[in-house]
Amino acid sequence: MKKEYLFAGITVILWSTLSAISKLMIHDMSSMSVLFYTSSIASITLFLINIITKGTTFFKIYHVGDYLRIAGLGFLGLFCYTELYYIGLIYLTSQIACIINYMWPMMIILFSCIILKETLTVRKLLAITTSFLGMVVITIQNGLGGISFNSLLGMFACFFAAICYGIYSVFNKKTNYDQWIVLWIAFTVTALCSGFYCGITHTFGQLTGITFAGMLWLGIFVNAIAYVLWGLALNHGDTAKISILAYLCPFLSLIWGRILLGEHLSILSFVGLILIIGGVLFQMKE
């Protein structure tokens, strides 16, 4: 097996655990405290990776204005995105939250047309419509037994999380900064913002052995190492072929949700997943 596919495969497996393990952590602690601990661990890990790969002066590459822009990107693309996703996990199953979250590729297409003035082709429009139809199917499925305010809140949170990540990705593409520095600053900003909130509300929570292990897993492997491996895979392999592997994540997440949380997935939710991912893959053929 070529090393780029090995790196990509490991990354997909790591990312697929995000929803289920995050939901387990949020069950014991507040979403903001989970965000603080995991982003702090990721920030430290990425800081060390940057030092190893770029040297001790890597943070002097850009000017102050650049770092402020990167910090703004981090606030939107990691702090807002992750906290909204965590809110979704509170009110939805990890499987449904993960499925809705995979609207983000469509958000990238949509905001690329709006912000970067890329052409909205018929294929792109059909792809976006197909993915939105998947979102509608999931909403219908959740409403069959009488939809609750909490489930609506969870779905909207995951949807707006996808919007945040879509806007972040488009501006990130536009600025074209070094991605390892962007990730380090983004996780640092997320740690500072969530830490400030936990500090003024006294909600840091108490770490147990199990929750600490979960934080380490999410912070080091899911948030830091996985991004490094993904970057290596993209650098050494065919970008289009490697990128398609990322869409195995929601399918693998269904398995982790079943194993770790005992969740069941309805037929309609699975149809919604197929439509959302189908829309993404359809536009990639353009």
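**View 1. I114 in helix α6 of a predicted model.** I114 counts as partly exposed because its relative accessibility is 48%. The terms run as follows: buried is under 20% relative accessible area, exposed is over 50%, and partly exposed is in between (1.4 Å probe, protein chains only). I114 sits in helix α6, residues 104-115. Helices are DSSP runs of H or I with at least four residues, numbered from the N terminus. I114 and V170 are 56 residues apart in sequence, and their C-alpha atoms are 9.8 Å apart in space. The model is predicted, so local features need pLDDT of at least 70 and side-chain atom pairs count only at pLDDT 80 or more, while totals for chains, interfaces and linings use all residues. Residues are numbered from 1 along each chain as its sequence is written, and side-chain values use heavy atoms, with hydrogens and water left out.

**View 2. Polar contacts at F36.** A polar contact is a pair of N or O atoms within 3.5 Å; within protein, one must be able to donate a hydrogen and the other to accept it, and residues adjacent in sequence count only if both atoms are side-chain atoms. The side chain of S194 reaches the backbone nitrogen of F36 at 3.4 Å. A polar atom of the S40 side chain lies 2.7 Å from the backbone oxygen of F36. S194 belongs to helix α9, residues 179-201, and S40 to helix α3, residues 31-54. S194 is buried, at 0% relative accessible area. S40 also counts as buried, at 19% relative accessibility.

**View 3. The largest pocket.** A pocket is found on a 1 Å grid over the protein atoms alone, as an open set of points where a 1.4 Å probe fits, with protein on both sides within 12 Å along at least five of seven lines; lining residues have an atom within 4 Å of a point. The volume of the largest pocket is about 1,600 Å³. Its lining has 50 residues, and W104, I108, Y165, S169 and W230 lie nearest the centre. Helix α10, residues 209-236, gives the largest share of this lining, with seven residues.

View 4. The expected span of a helix is 1.5 Å times one less than its number of residues. Helix α1 has 14 residues (3-16) and should span 20 Å; its end C-alpha atoms are 20 Å apart, which agrees. Its buried residues include E4, A8 and W15.

How values were computed
Points joined across faces, edges and corners; volume = space filled by probe spheres on them. Helix = DSSP H or I, 4+ residues; strand = E, 2+ residues; numbered from the N terminus.
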